[in-house]
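Keep the sequence and the coordinates side by side.

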Amino acid sequence: MAATSAHPSTTATPPPARDDAYERKLRARGRRGRLDVKLSPYLYISPFFVLFLITGLFPLGFTAWIATRNWNTLTGDGGVAVCGAVCDSTDPSIFANFQWVFQQSAFWDALRNSFSIFLISTIPQLIVALVLAVILDANLKAKTFWRMGVLLPYVVAPSAAAIIFSQIFSDRMGLVNTALNWIGIGAIPWHASTFWSHIAIATIVNFRWTGYNTLIFLAAMQAIPRDVFEAAVVDGAGRFRQFFSVTIPMLRPTLIFVILTSTIGGLQIFDEPRMFTEGTSGYGGSNNQFLTVSLYLWDLGFNKTTIGQPNMGRSAAVAWLLFLIVVVFAIVNYLLTQRIASSGGKPRTKKKSAKKVSA
Amino acid sequence: MGSSIRTRRGLAATAGIASITLALTACGGGGDNDAAGGDDTGSGEQVTINVSTFNAPGFGAPTADKPGADLWAEYEKDHPNVKIVETVADSSDNARAAFNTAISTGTGAYDIQMADIDWMPSITALADQFVDLAPYAKEAKGDWLDWKTAQGTVDGKQIGLGTDIGPEGICYRSDLFEAAGLPTDRAEVATAFGGDDATWDSFFELGAQYTAATGKAFFDSSAAIFQGMVNQIEESHVAKDGTIIATTNPQVKADYDQVTTAALAGQSAGLKQWTDDWSAGFKTDAFAVSLCPAWLVNNIKGNAGEDFVGWDIADVFPGGGGNWGGSFLVVPEQSKVKEEAAKLAAWITAPEQQAKVFLAASNFPSSPTAQADPDVAAKTDPFLNDAPVGKIFANRAKAVTVVPFKGAQYFDIQTAMADALNRVDVDKSQTPEQSWDQWVNDVKALS
């Protein structure tokens with residue numbers, strides 16, 4: 001391209017007219033080329049964003065719209081939302097559904113449960129996953145076997161795992177309680193007690209996700225160049241020192257990823273408490289012992305569909321509150337993680353040098 | 001070279017757009033209800049009718065824990081162009097969530113949906129979304145008890161065809177009664193419950209006797225007993241003018257107090273209905289008595305096992321008769337094969353088929369013609385110690401004098417009530433007073 005434009009005079013046609021047209025053509029081609037360079041990358045990544053627009057952004061906006069309306073699942077829109085008897089108000093207001101939700105003890109119970117289950121599942125899960133990853137990272141015999149073994153529970157569908165565990169944690173006939181009775185400790189009220197129901201559900205979550213996180217950690221650990229460890233060993237660092245001063249700082253991006261995804265997933269937990277509910281109604285326990293926010297909004301939106309009730313509007317309001325909570329919490333966690341992981345040294349520069357070495 | 005790069009880019013862009021289109025069409029392609037044609041084997045077009053039922057409807061081929069009259073196969077034999085696919089949900093609540101989603105979005109509904117009586121207020125309010133089945137029913141010579149027809153009819157449009165009704169007797173464990181020193185013969189047991197004049201007082205008195213003698217629980221679940229009580233109140237939670245009266249209705253409060261008092265006195269096994277523990281209770285000695293609508297016999301049999309010996313049924317019910325449950329079949333307008341579906345719904349709810357279902361399973365017919373069928377009247381059930389169930393349930397159906405009014409909010413209020421009773425009886429996490437107060441709040445949230 002450059003070569004031909006550098007010698008325009010070698011062609012036979014008269015210079016001015018042809019030059020003009022040719023220049024224009026060239027300029028146009030140049031523009032197109034620039035446009036191509038500028039635009040194409042966006043076009044290539046556009047499938048994701050177009051899909052996101054359709055399946056992510058639009059529902060988000062539409063949910064916000066529903067949340068302001070008197071919307072029933074079966075009959076649809078019924079005007080601007082009204083709070084009703086719980087706030088002694090029959091005035092239409094776009095915040096009425098939110099007001100109604102704030103008046104429901106079930107919502108606050110659900111919020112408490114979501115956080116509680118999230119904490120007692122995620123924290124031990126990540127710690128165990130880290131430890132397992134370190135062990136798997138060591139020189140084991142039959143490496144693939146152990147690594148596959150860790151991932152096996154992840155292959156089990158969440159509802160299948162939940163069904164199996166629901167039977168294990170069944171109040172009277174369950175495996176755990178039978179064993180406890182046999183030992184003489186006495187049965188634990190897995191469904192009736194708020195605390196124990198959270199433990200049971202956290203167990204189901206951990207069963208499934210620990211192996212998954214282990215593998216992510218393991219992959220990140222294997223990407224850490226061995227010479228960094230060698231240098232640490234030469235400097236006299238023991239196994240623990242290596243773990244805290246080399247492995248953890250080097251894992252920072254992975255840690256952030258895993259903690260963020262666990263936060264989002266943990267606060268949205270649905271399958272496990274849904275399947276943990278025994279019987280066919282009273283989801284989350286008759287006293288909301290293990291009602292989570294997702295479960296609450298589903299029950300409100302798809303089970304309590306009595307005509308005349310703005311159940312979908314209220315459910316949408318819960319959904320938006322959950323969305324805001326998750327966003328806030330994810331940001332908080334992100335900031336915390338950055339601080340914790342960087343306090344052990346200067347991971348940024350280390351990482352850069354490490355990359356250089358490996359390249 | 002430049003152009004070849006551009007071509008490649010063009011290709012890439014095309015590929016990107018194509019992938020979007022693919023993804024979109026993939027999204028849109030779900031839930032299609034293809035009436036796969038093309039086969040010239042049968043008369044007329046090949047149609048597949050998808051049917052959604054729950055619990056033990058008794059229509060299909062019998063399985064290990066669910067009896068059935070194998071009627072789909074019979075229909076398919078007579079109509080070679082029809083293929084029927086039945087999906088049986090384990091409970092009506094589970095089937096309902098999917099049904100609600102399908103109705104609200106306008107796609108994905110089954111061609112025939114079995115609907116519990118508790119769903120009917122919602123369905124009749126959306127009558128234009130369902131096919132008027134009256135002409136099909138007429139052709140199939142269907143007939144129903146007047147109140148059953150009324151429950152499925154809006155403005156002369158019959159959108160729900162009745163399958164069964166749930167007249168209630170009392171199922172009891174004769175072996176446990178014997179151990180407690182109570183009568184075991186079903187006529188004597190009926191007398192012990194109070195015979196024709198049985199009241200809930202006399203029911204709980206016998207319970208107190210049993211619990212005092214054995215130290216064990218008498219009935220399975222407070223929520224189940226309350227269900228029997230509330231179905232005898234004509235206007236319980238919602239008045240006929242549409243106002244919610246649940247929390248101020250003295251009869252509801254009296255029933256609540258009576259059942260929770262008995263539960264706290266040890267008469268209740270404290271089991272939540274439809275849980276594994278509750279199911280297992282039918283073959284252990286967890287409780288001796290269960291209120292027994294006809295269809296529940298299927299569940300007792302399934303839970304205890306066909307060979308289990310001990311269950312029997314008494315021809316008696318406290319406070320007069322009672323009807324619990326019983327279902328309808330509806331055909332959504334969105335069905336692509338609604339005419340074929342309507343024909344099938346009419347056929348399977350016709351008297352002859354209702355009688356067959358009762359003989360194979362235990363779902364008592366809602367059709368007077370089927371009830372009068374000599375085979376139905378003569379049916380005995382070996383599982384219930386050869387009890388003449390045909391006669392007993394016919395008597396129980398005659399004893400039903402009250403048709404409870406179930407307004408729009410009834411279902412939500414009753415579900416909240418079950419939760420309230422379970423808090424006291426199953427979780428033991430609240431006193432009856434605390435639980436009542438929370439229920440009052442729950443009901444208030446419905447307005």
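A residue is buried if 20 or more other C-beta atoms lie within 10 Å of its own, exposed if 12 or fewer, and partly exposed in between, with C-beta atoms placed from the backbone. Helices (H or I, at least four residues) and strands (E, at least two) are DSSP runs, numbered from the N terminus. The model is predicted: local features need pLDDT of at least 70, side-chain atom pairs count only at pLDDT 80 or more, and totals for chains, interfaces and linings use all residues. Residues are numbered from 1 along each chain as its sequence is written, while chains are lettered from A and ligands numbered from 1 in the order in which they are written.

Start with helix H18 (residues 389-399) of chain B. Its buried residues are B:Val389, B:Gly390, B:Ile392, B:Phe393, B:Ala394, B:Arg396 and B:Ala397. An α-helix has 3.6 residues a turn, so residues three or four places apart point the same way. What covers the buried residues of H18(B)? The cover includes strands E7, E8 (168-173), E10 (311-314) and E12 (364-365) of chain B, along with helices H16 (368-372) and H17 of chain B.

Now turn to the sheet. Five strands of chain B form an open sheet with mixed pairing, in the order E2-E1-E3-E11-E6. Two strands pair if DSSP finds at least two bridges between them. Strand E2 (82-89) and strand E6 (161-162) of chain B are the edges, each pairing on one side only.

Look at E3(B), residues 112-116. Strand E1 (residues 47-54) of chain B runs parallel to E3(B), and two bridges join them. With strand E11 (residues 327-330) of chain B, E3(B) pairs in the antiparallel sense over four bridges. There B:Asp116 stands opposite B:Ser327 of E11(B). E3(B) is mostly covered, with four of its five residues buried.

Helix H3 (residues 92-105) of chain B lies across E1, E2 and E3 of chain B. H3(B) runs at about 130° to E1(B); axes are lines fitted to C-alpha atoms, for helices over the stretch in contact, and angles run from 0 to 180 degrees between N-to-C directions.

Follow the chain out of E1(B) next. Most residues other than glycine have a negative phi, and most peptide bonds are trans. B:Asn55 has a positive phi, near 55°. B:Asp70 also has a positive phi, about 55°, and is not a glycine. B:Asn55 is found in the loop between E1 and helix H2 (71-78) of chain B, and B:Asp70 is in the loop between E1 and H2 of chain B too. Is each buried or partly exposed? B:Asn55 counts as buried because it has 25 C-beta neighbours inside 10 Å. B:Asp70 counts as partly exposed because it has 14.

Step back to the domains, whose bounds come from an automatic or database domain assignment. Chain B is divided into domain 1 (47-165 + 326-377) and domain 2 (168-320 + 387-444). The contact takes 18 residues from domain 1 of chain B and 19 from domain 2 of chain B; two residues are in contact if their C-beta atoms, placed from the backbone, lie within 7 Å. On the domain 1 side, helix H4 (120-125), strand E7 (164-165) and helix H17 (374-377) of chain B each give two or more residues. That side has ten nonpolar, four polar and four charged residues. Here Ala, Val, Leu, Ile, Met, Phe, Trp, Tyr, Cys and Pro count as nonpolar, Asp, Glu, Lys and Arg as charged, and the others, Gly among them, as polar.

Chain A has 15 helices and two strands. Buried residues make up 34% of its 359 residues. Its domains are domain 1 (2-67) and domain 2 (102-358). Four residues of domain 1 of chain A are in contact with six of domain 2 of chain A.

Finally, the two chains meet. In this contact, 45 residues of chain B touch 36 residues of chain A. The elements of chain B giving two or more residues are helix H1 (2-28), H3, H4, helix H12 (276-281) and helix H19 (410-427). By class, the chain B side has 16 nonpolar, 17 polar and twelve charged residues.
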